[in-house]
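Q: Could you take me through how to read this structure, one feature at a time? I would like the general idea, then the case at hand.

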Amino acid sequence: MGNAMRGVIAFIPSERCQRYLVGDLKEMPLDRTLDLSSRQLRRTPVAACVFDELVKLYLSNNNLSSLPAELQGLRKLQLLALDFNCFEELPAAVCRLSQLCILYLGNNRLYSLPRELRALKELNTLWLETNCFTVFPKVVCELPNLKTLHLGYNQIQSLPTELRGLEELRSIWLAGNQLAVFPAVLLEMHFLAVIDVDRNKIRYFPALSHMQGLKLVIYDHNPCFNAPAVGEGVRRVGRWADCPDDGQEDDGSKAPSETAAEVTAVHPEEEHNI
């Protein structure tokens, strides 16, 4: 059957139809990984929640807007992929997965996160790109082990000072937002290795040379008049990236530079398969 028929079946709330889409789900996968991505699902099969030894669950690219309460029974779950769905709010069950390390929520319809998210003390990677955030979700600042934060392609205009409390954070991806000023709080986070502010509205960049942990800064596609000064060995991606810091000239031209997409090889991003 084609995708149209699969979509019709996914909409019909019958166990027979669900078995067609996801199988019988009678036994725990040997690798403790269950991939139900791209199945046109409108609801998560409760049968998937009985595998209490499950470590990775992929529900990407479906039509999900809610999750069953039984999901919270997956006490050993470390990776949950909910990207490319229809979530307008984060289901409460997700916030009860105490061992969760990686959470993919990109390409949904989220505009806020619940306070209960702070219970995920083991979370180290959070993907929130391409959602509907207009304000930075402050509860993120209460995730003590967060190392990688993706918040690109939202409508965020500023970052809270509380962000500096995330001492484990090493990379922050903020491309495609509405930042008009380089966030001052990032200047205090000397431990950051990657800063991506590509495609914002920043006109001036302060010096970043004091940030000893910095390895990569992406600032391309901003209406800036200068490149950020950086320490030795730090890679810059943007206008004047190849020029000495004291030799920048605003002549209206743009020096050849790489785009963010072209430096993905150096991004410390976690893939879906860890």
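Q: Which backbone atom lies 3.4 Å from a polar atom of the side chain of Asn85?
A: A polar contact is a pair of N or O atoms within 3.5 Å. In this predicted model, the backbone nitrogen of Asn63 lies 3.4 Å from a polar atom of the Asn85 side chain.

Q: Where in the chain is Asn85 found, and is Asn85 buried or exposed?
A: Asn85 sits in the loop between strand 3 (79–81) and strand 4 (102–104). The cut-off for buried is under 20% relative accessible area. Asn85 has a relative accessible area of 6%, so Asn85 is buried.

Q: Which residues is Asn85 in contact with, leaving aside its neighbours within four places in sequence?
A: On that basis, Asn85 contacts Leu59, Ser60, Asn61, Asn62, Asn63, Leu64, Asn107 and Asn108. Asn63, whose backbone nitrogen lies 3.4 Å from a polar side-chain atom of Asn85, is one of these.

Q: How should I read the sheet, and what is the order of its strands?
A: Strands of a sheet pair through backbone hydrogen bonds, either parallel or antiparallel. Here an open sheet of 10 strands has parallel pairing and the order 1-2-3-4-5-6-7-8-9-10. Its edge strands are strand 1 (33–35) and strand 10 (235–237), each of which pairs on one side only. From one strand to the next, the twist averages 5°.

Q: How many bridges join strand 7 to strand 8?
A: Three bridges join strand 7 (residues 171–173) to strand 8 (residues 194–196), and the two run parallel. Ser171 has Val194 in strand 8 as its bridge partner.

Q: Where does Phe191 lie, and how does its accessibility count?
A: Phe191 lies in the loop between helix 3 (184–187) and strand 8. Its relative accessibility is 23%, so Phe191 counts as partly exposed. Leaving aside neighbours within four places in sequence, Phe191 contacts Arg164, Leu166, Glu167, Leu169 and Arg170. Phe191 and Ser171 are 20 residues apart along the chain, and their C-alpha atoms are separated by 9.3 Å.

Q: What pLDDT does the protein chain average, and over which residues is the pLDDT below 50?
A: Where pLDDT is low, the predicted coordinates should not be read in detail. The protein chain averages a pLDDT of 86, and 80% of the residues score at least 70. Over residues 4–12 the pLDDT is below 50; this stretch has 20 contacts in the model beyond near neighbours in sequence. Residues 249–269 also have a pLDDT below 50, with 38 contacts in the model beyond near neighbours in sequence.

Key
Residues are numbered from 1 along each chain as its sequence is written. Side-chain values use heavy atoms; hydrogens and water are left out. Two strands pair if DSSP finds at least two bridges between them. Helices (H or I, at least four residues) and strands (E, at least two) are DSSP runs, numbered from the N terminus. Axes are lines fitted to C-alpha atoms, for helices over the stretch in contact, and angles run from 0 to 180 degrees between N-to-C directions. Buried means under 20% relative accessible area, exposed over 50%, partly exposed in between (1.4 Å probe, protein chains only). Contact means heavy atoms within 4.5 Å. A polar contact is a pair of N or O atoms within 3.5 Å; within protein, one must be able to donate a hydrogen and the other to accept it, and residues adjacent in sequence count only if both atoms are side-chain atoms. pLDDT is the predictor's confidence in each residue, from 0 to 100.
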